Amino acid sequence: MPTRRRTPFDLKIFLALPGSGRTVASYRKDQVIYSQGAAADAVFYIQKGKVKVTVVSEQGKEAVVAVLSPTQFCGEGCLTAQSRRMATATAMMDCEIMRLEKAAIIKTLRKEAAFADIFLSHVLVRSIRVEEDLVDQLFNSSEKRLARALLLLANFGKEGKPEPILAKVSQEMLADMIGTTRSRVSLFMNKFRRLGLIDYNGHLEVHPALLSAVLHEHPHIADDSTEG
């Protein structure tokens, strides 16, 4: 009797279609996907759009801890002992997002090696990003931190060149991301635009020259030990 061959697991099909424990929903700009303090019972996969992850302290101060793009996950803390959300995820533009119930994603991780590999890769990349963010805050000037944040928002490195930043990104949000004031961000943004490193007229576009300036520490992106 011939052995029945198992159909290979197709990650794109799995993440594109609803199924058991998986639902796809649309979110409008500024709509909350999950809130800090809410029950952590699912992981979310971004199919379209950008998502901002923020944390609010007991004193009411908000910090932007991540900006996520398509093909990235968020809310994966539910797979550990985290029973409540440690952050809030909000759509920065119109988004399509898959919600994967905790039980469904655990089952898939155990059953499908292809899915487990890509999910592990995502977790490792996020871990490395957190380390880089910490080093950035500890050792780099706010001007360099802003340059790095703009490159990350433009997904620099994914396809070899930056993409236009389609989501509305305010100077206040950039200040929250890098831990400085809006006035400092405004100063640096105007400088970057003057130097031809970005376009900033109604929309924000990052040029490859900004990466070169950061990597080679040109004088206009030099560390300033007098401010953080």
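This is a predicted model: local features need pLDDT of at least 70, side-chain atom pairs count only at pLDDT 80 or more; totals for chains, interfaces and linings use all residues.
1. Helices H4 and H6 are roughly perpendicular to each other, a term for angles of 65 to 115 degrees (under 35 would be roughly parallel, over 145 roughly antiparallel, and the rest oblique). Their axes come within 10 Å and cross at roughly 65°. The axes are lines fitted to C-alpha atoms, for helices over the stretch in contact, and angles run from 0 to 180 degrees between N-to-C directions.

2. Residues are numbered from 1 along each chain as its sequence is written, and side-chain values use heavy atoms, with hydrogens and water left out.

3. The chain has 7 helices and 10 strands, taken as DSSP runs numbered from the N terminus (helices H or I of at least four residues, strands E of at least two). Among contacts with a separation of 6 or more, 72% come from residues 24 or more positions apart; a contact means heavy atoms within 4.5 Å.

4. The H4 side of the H4–H6 contact consists of Ser142, Glu143, Leu146, Ala147 and Leu150. They meet Arg184, Val185, Phe188, Met189, Lys191 and Phe192 in H6.

5. H4 (residues 142-153) also packs against H5 (residues 171-178), with axes that come within 10 Å and cross at roughly 110°. This makes H4 roughly perpendicular to H5. The crossing of H4 and H5 is right-handed. From H4, Ser142, Arg145, Leu146, Ala149, Leu150 and Leu153 meet Leu174, Met177 and Ile178 of H5.

6. Within H5, the buried residues are Gln171, Met173, Leu174, Ala175 and Ile178. Their cover includes helices H3, H4 and H6 (182-194), together with strands E4 (51-56), E5 (62-68) and E9 (198-200). Glycine 179 follows H5 and has a positive phi, near 75°.

7. The structure holds 5 aromatic pairs. Rings of Phe, Tyr and Trp (its six-membered ring) pair if their centres lie within 6.5 Å; planes under 30 degrees apart count as stacked, over 60 as edge-to-face and the rest as tilted. Tyrosine 45 and phenylalanine 73 form a tilted pair, 5.0 Å centre to centre with 55° between the planes. This pair links distant parts of the chain, with tyrosine 45 in strand E3 (residues 42-48) and phenylalanine 73 in strand E6 (residues 73-74), 28 residues apart. The pair of phenylalanine 73 and phenylalanine 119 is edge-to-face, because the ring centres are 5.0 Å apart and the planes lie at 75°. It too bridges distant parts of the chain: phenylalanine 119 belongs to helix H3 (residues 113-139) and is 46 residues from phenylalanine 73 in E6.

8. Phenylalanine 73 has 2% relative accessibility and so counts as buried; phenylalanine 119, at 7%, is buried as well. Ring pairs join Tyr45, Phe73, Phe115 and Phe119 into a cluster.

9. The charged end of arginine 85 sits over the ring of tyrosine 34, 4.3 Å from its centre. The criterion is NZ of Lys or CZ of Arg within 6 Å of the ring centre and within 35 degrees of the ring normal.

10. Two residues deserve a look for their backbone angles. Most residues other than glycine have a negative phi. Aspartate 30 has a positive phi of about 75°; it lies in the loop between strand E1 (22-27) and strand E2 (32-34) and is exposed at 55%. Threonine 71 has a positive phi near 80°, is placed in the loop between E5 and E6, and counts as exposed at 52% relative accessibility.

11. Methionine 92, in the loop between strand E7 (88-91) and strand E8 (95-101), is buried with a relative accessible area of 5%. Leaving aside neighbours within four places in sequence, methionine 92 is in contact with Lys29, Lys50, Val51, Lys52, Val67, Ala167, Lys168, Val169 and Met173. Methionine 92 and valine 67 are 25 residues apart in sequence, with 8.8 Å from C-alpha to C-alpha.

How values were computed:
Buried means under 20% relative accessible area, exposed over 50%, partly exposed in between (1.4 Å probe, protein chains only). A crossing is left-handed if the near helix is turned anticlockwise from the far one by less than a right angle, and right-handed if clockwise.
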